[in-house]
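Dear colleague,

Please find the structure below. My notes on it follow.

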Amino acid sequence: MIGLTINGKSHKVDADPTTPLLWVLREQVGLTGTKYGCGVAQCGACTVHLDGAAVRSCSIPVAAVAGRRITTIEGLANGTKLHKVQQAWLDNEVPQCGYCQSGMIMAVTALLKQKPKPTDADIDAGITNICRCGTFQQVRQAIHAAAARA
Amino acid sequence: MNDMNDLLAMNRRRFVLGTAGVGGGLALGLQLPLAATAEAATPAAVPEVNAWVVIRPDDTVVIRIARSEMGQGTLTGLAQLVAEELQCDWSKVTTEYPTPGENVRRKRIWRDFSTGGSRGIRASHEYVREGGAAARIMLVQAAADQWGVPAAECSAANSVITHGPSGRKTTYGKVALAASKLEVPKDVKLKDPKDWTIVGKPVRRLDTRPKVLGAQIYGADLRLPGMLNAAIRDCPVQGGTVRSFDASAVLGMKGVRHVLQVGRSAVVVVADTWWQAKTALAALPIDFDEGPNAKVSSADIDARLVEGLTATEAFVGNSNGDAKAALSGAARTVEATYAYPFLNHATMEPMNATALYTPEKLEVWAPTQNGEASFAAAVEASGLPADKVDVYKINLGGGFGRRGFQDYVVQAVLVAKQLPGIPVKLLWSREEDMTHGRYHPIMQAKLVGGFDAQNNLTGLHLRLSGQSILADVFPANLVKGMDPLTFQGLAMPGEHGFGYTVPNLLIDHAMRNTHVKPGFWRGVNANQNAIFLECFIDELAEASGKDAVEFRRALTANHPRNRGVLEAVADRIGWSKPAAPGIFRGVAQMKAFGSFVAAAAEISVEGGNKIKVHRIVAATDPGYAVNPAQIERQIAGSFVYGLSALFFEECTVKDGRIEQQNFDTFPSMHIRHMPKVESIVMATGGNEPWGGIGEPTICVAAPAVLNAFYRATGKRVRTFPLKKHGITFA
Ligand code: FES
Ligand code: FES
């Protein structure tokens with residue numbers, strides 16, 4: 001049994017220690033908001049926060065995160081109040097198919113913790129998620145909108 | 001198991017997934033509460049007003065959508081069209097998908113479910129508006145009947161019906177039950193577009209909220225009680241078969257339940273979790289007979305295409321005058337050869353489907369672009385009669401043409417059939433998805449243009465050589481052997497009509513098919529045809545010493561809407577004034593999927609090979625623009641799909657198989673590569689058939705940038721992607 005703290009709740013999971021965190025989240029904890037896109041740390045669809053920093057959960061064995069603080073897209077809103085990044089996403093209608101957007105939002109929220117008012121260059125350097133629908137124009141707009149909110 | 005999925009499971013026999021995950025099973029009123037989007041009350045059973053409209057007592061409007069939402073916004077656009085004629089309160093609108101099985105049972109009352117070819121709205125706008133109008137007439141009649149007044153004295157707006165003379169009012173929700181008992185009127189009159197209040201407006205999408213919460217359930221996310229998970233490996237070479245596999249090597253692994261053959265060519269491991277299944281599959285010894293294509297390489301395929309460039313036999317897709325004579329009599333000719341590679345769709349969500357089979361019933365949950373095709377495939381694969389089968393459409397994590405094909409649905413059914421009573425979710429790994437695609441057809445082109453002594457363009461021959469999609473997918477749609485789709489953007493007048501007048505023209509296709517399965521890849525054949533034609537048009541303009549826009553203007557005198565989009569982008573980018581120092585421009589235009597599209601690019605180039613795309617101006621004239629805000633998003637997204645392909649993407653063949661396995665070797669743009677895209681949405685109206693939105697603009701992305709690159713460097717790149725030439729984003 002491996003003990004995990006996910007979105008503030010403790011979980012005990014019975015998984016092979018090499019199982020990627022992504023699959024433990026999706027299949028054992030039942031949090032399917034975190035997506036599988038590539039499995040090899042290329043696309044960012046599986047991005048979650050580990051102790052507040054963005055990581056690609058497809059490429060982290062679950063054993064390595066025992067006892068650490070994990071936040072997924074489902075844990076971002078505060079009750080019914082959306083996180084300001086989610087709100088900016090809604091206001092700017094960022095998602096198309098939406099499949100990449102959990103990861104995109106998690107990457108952006110982590111970026112904003114480090115750089116509360118990111119420049120375009122900060123965004124370019126910090127956000128490397130793939131979106132096949134091509135929502136980047138709205139993503140950039142929404143990042144600036146979120147940064148402008150208190 | 002989370003609540004959403006428990007409910008899905010409970011209701012699965014009847015549910016219909018709707019907007020924002022809120023579903024009302026075909027007027028059965030089932031609700032699937034989803035944390036952020038649940039509506040308050042569980043509504044009672046409500047009969048439909050007609051096939052397109054259900055109105056609940058609380059005035060909620062449920063609009064039925066036959067086409068699939070895959071990000072392009074069709075759910076919202078189609079709902080706008082129905083709501084416009086229904087004259088309902090837009091803030092009360094939700095949507096649901098009828099099932100394909102229900103469509104069959106009701107004699108295809110919702111008509112076509114196919115969502116491809118940018119046809120969702122343009123092919124159905126009339127009958128869905130009629131559906132909304134008919135429902136409105138019925139609701140008004142029901143109110144008039146209750147009041148005992150003539151319907152002609154009543155009017156409807158914003159879901160409220162008013163009796164003019166008395167001022168009495170009621171709401172749709174109050175009369176919906178009575179309306180449902182009335183006959184559905186025929187021959188309803190539609191509004192004049194100038195009176196539209198919902199169509200043509202940038203209303204907000206209906207499906208955004210669950211996507212920012214991580215609450216949207218995609219096919220890959222579905223969980224049913226007792227469900228097992230399957231990971232699959234199909235023969236890496238198309239046309240091969242499974243000889244044998246050693247299940248005993250993995251059956252002892254944790255969670256592994258079954259190792260099964262699927263059809264002739266694939267093997268699945270079925271386990272408690274997908275990760276266990278995938279891990280076991282990697283350890284499973286499988287012996288494939290790779291079949292007759294096991295030695296084919298890209299070089300072999302290229303050689304066949306090169307041969308086709310000068311072959312005597314070819315299908316003529318478009319011609320006028322005598323191009324061959326004009327070219328042999330020309331004072332001067334210009335010639336160029338271009339080549340376009342295979343591409344994978346690489347939808348963000350890999351292929352998947354879930355199936356539950358018993359001898360009495362087959363249920364399939366599929367993220368599909370064509371519910372009816374999924375249904376037909378499920379019926380055939382299961383061997384059950386159609387009335388024992390249904391398919392539930394579930395949200396798609398991208399489609400781009402890939403999910404019109406049903407291979408993944410067939411596989412899921414073939415697995416489920418071997419495990420009666422157990423729901424099985426089949427999910428492809430990214431590697432499986434990359435190597436078992438339905439690839440953008442591979443194509444080459446040889447172009448020859450001829451000028452007379454006065455520098456007038458007198459002839460053009462464009463020879464295509466390469467793969468036909470229809471020959472593989474719908475051979476019955478070939479016309480005397482010719483694939484008309486090959487000529488998208490180059491064709492005779494029509495939705496893909498050639499946009500120039502050239503006195504002597506010949507456009508023909510030497511069909512050279514390959515064992516690599518082709519498919520409709522967002523933008524389809526317009527993609528390579530626009531590169532071939534629009535780069536070569538620039539070459540011709542330069543050869544005759546003319547400006548690229550002026551040269552095109554002269555050739556589009558008889559093509560006012562082509563000229564319209566061209567001039568729109570030229571104006572906006574400031575073509576008539578010099579660009580800033582170090583900035584170079586290019587343009588391209590085409591008609592594709594019924595829409596006229598043009599792009600102008602501004603780029604700079606560092607060191608001869610590092611491109612920065614600063615700005616794109618893109619115009620589209622679809623005739624009617626149902627939701628301009630969503631059109632802008634489709635246009636901006638087009639430049640990600642089109643430029644990712646131009647810069648990075650190619651699927652190559654070695655030993656019969658596709659070499660690229662994941663995004664490391666088949667990359668896709670990041671935000672840092674994204675140009676600023678300014679969209680010009682030109683709703684020019686008129687009586688011509690409406691144009692599409694999801695695909696057309698992709699085709700002009702690459703040639704606009706390539707033409708700018710030439711101006712910056714003097715280099716014409718004619719084979720793709722650019723990375724083959726050491727050219728990258730700055
Ligand atoms: S799934 Fe983890 S980065 Fe793609
Ligand atoms: S919104 Fe579809 S992949 Fe990003």
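A residue is called buried under 20% relative accessible area, exposed over 50% and partly exposed in between, with a 1.4 Å probe and protein chains only. B:Q589, at 1% relative accessibility, therefore counts as buried.

This is a predicted model, in which local features need pLDDT of at least 70 and side-chain atom pairs count only at pLDDT 80 or more, while totals for chains, interfaces and linings use all residues. Residues are numbered from 1 along each chain as its sequence is written, chains are lettered from A and ligands numbered from 1 in the order in which they are written, and side-chain values use heavy atoms, without hydrogens and water.

B:Q589 lies in strand β21 of chain B, residues 584-592; strands are DSSP runs of E of at least two residues and helices runs of H or I of at least four, numbered from the N terminus. Its side chain makes a polar contact with the side chain of B:N562 at 2.8 Å. A polar contact is a pair of N or O atoms within 3.5 Å; within protein, one must be able to donate a hydrogen and the other to accept it, and residues adjacent in sequence count only if both atoms are side-chain atoms. Beyond neighbours within four places in sequence, B:Q589 is in contact (heavy atoms within 4.5 Å) with residues including B:Y500, B:E534 and B:V700.

Chain A has five helices and five strands, in the order β-β-α-β-β-β-α-α-α-α from the N terminus. Of its 150 residues, 61% count as buried. The C-alpha atoms of chain A fill a box of roughly 45 × 30 × 25 Å along the principal axes.

Regards
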